[in-house]
Amino acid sequence: MKIDIGISQKDREAIADGLAHLLADTYTLYLKTHNFHWNVKGPMFQTLHTMFEGQYTELATAVDDIAERIRTLGFPAPGTYKAFAELSSIKEEEGVPAAEDMIRRLVEGHETCARTAREAFPACEKASDEPSADLLTQRMQEHEKTAWMLRSLLEK
Ligand SMILES: [Fe+2]
């Protein structure tokens with residue numbers, strides 16, 4: 001059945017495309033954070049192991065919200081590693097970085113997600129798609145705050 005929510009097909013498509021890129025970045029960052037939760041070593045183990053668990057849990061909830069918004073707009077949500085690798089701006093990890101490098105990689109990942117969410121924003125504003133704009137606002141806020149918290153761990 002045809003979608004008639006006051007946003008044209010073309011605008012819904014542009015918004016869904018921005019959200020698909022954010023979904024891919026968020027999923028890639030989710031996996032990286034879970035990977036680091038498993039593999040972190042050193043004197044900061046307990047702090048980072050626990051902190052990363054909180055972060056990947058938040059990201060897992062976020063991917064669901066983003067994917068379901070894409071579906072609400074009438075488009076299929078990407079859901080394969082192949083699609084995510086093509087859409088994501090975040091590089092996959094090779095090997096096991098040292099604990100401080102894990103923190104740096106995660107800061108970069110959260111900053112990338114914030115930028116991708118910000119890039120998707122104008123298409124939402126243009127079409128008065130407040131629900132997508134609200135979702136993007138929440139995601140930017142969360143990624144920027146998490147980047148600050150991780151960055152603070154590296155400061156003396
Ligand atoms: Fe665990």
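Is Tyr27 buried, partly exposed or exposed, and what is its relative accessible area?

Mentor: Tyr27 is partly exposed, with a relative accessible area of 26%, and, as this is a predicted model, that value describes the prediction.

A search of the whole structure finds 5 aromatic pairs. One of them joins Tyr27 to Phe84 in a stacked arrangement, with 4.8 Å from centre to centre and 20 degrees between the planes; the angle counts as stacked because it falls under 30 degrees. Tyr27 belongs to helix H1 and Phe84 to helix H3, which spans residues 81–87, so the pair ties together parts that are 57 residues apart in sequence.

With Phe36 in helix H1 and Phe52 in helix H2, the contact ties together parts that are 16 residues apart in sequence, and both residues are buried.

The largest nonpolar core has 40 residues, and Phe52 is listed with Ile15, Leu19, Leu23, Ile66, Ile70 and Leu136 as having the most contacts inside it. At least two residues of this core come from each of helix H1 (9–39), helix H2 (45–72), helix H4 (99–126) and helix H5 (130–154). Leu23 shows what such contacts look like in detail: apart from neighbours within four places in sequence, Leu23 is in contact with Val63, Ile66, Ala67, Ile70, Ala77, Pro78 and Phe84. Phe84 is thus both a contact of Leu23 and the stacked partner of Tyr27, which brings the account back to the ring you asked about.

Helix H1 is also joined to another part of the chain through charged side chains. Of the 10 salt bridges found in a search of the whole structure, one is formed by Lys32 and Glu93, whose closest N and O atoms are 2.5 Å apart. Lys32 is in helix H1 and Glu93 in the loop between H3 and H4, 61 residues apart, and the pair therefore links distant parts of the chain. Lys32 counts as buried at 7% relative accessibility, while Glu93, at 24%, counts as partly exposed.

Asp129 and Arg69 form the bridge, with the closest N and O atoms 2.8 Å apart; Asp129 lies in the loop between H4 and H5 and Arg69 in helix H2, 60 residues apart. Both residues are buried, Arg69 at 14% relative accessibility. Not counting residues up to four places away in sequence, Arg69 touches Leu19, Asp129, Pro131, Ser132 and Leu135. Among these, Leu19 is also one of the residues with the most contacts inside the largest nonpolar core.

The loop that holds Asp129 also contains Ser128, which has a positive phi of about 50 degrees although it is not a glycine. Most residues other than glycine have a negative phi. Ser128 counts as exposed at 52% relative accessibility, in contrast to Asp129, which is buried.

The side chains of Arg118 and Glu144 meet at 2.7 Å, N to O, and since Arg118 lies in helix H4 and Glu144 in helix H5, the pair ties together parts that are 26 residues apart in sequence. Arg118 is partly exposed at 44%, as is Glu144 at 36%.

Note on methods:
Residues are numbered from 1 along each chain as its sequence is written. This is a predicted model: local features need pLDDT of at least 70, side-chain atom pairs count only at pLDDT 80 or more; totals for chains, interfaces and linings use all residues. Side-chain values use heavy atoms; hydrogens and water are left out. A nonpolar core is a set of buried Ala, Val, Leu, Ile, Met, Phe, Trp, Tyr and Cys residues joined through side-chain atoms within 4.5 Å. Buried means under 20% relative accessible area, exposed over 50%, partly exposed in between (1.4 Å probe, protein chains only). Helices (H or I, at least four residues) and strands (E, at least two) are DSSP runs, numbered from the N terminus. Contact means heavy atoms within 4.5 Å. Rings of Phe, Tyr and Trp (its six-membered ring) pair if their centres lie within 6.5 Å; planes under 30 degrees apart count as stacked, over 60 as edge-to-face and the rest as tilted. A salt bridge is a side-chain nitrogen of Lys or Arg within 4 Å of a carboxyl oxygen of Asp or Glu.
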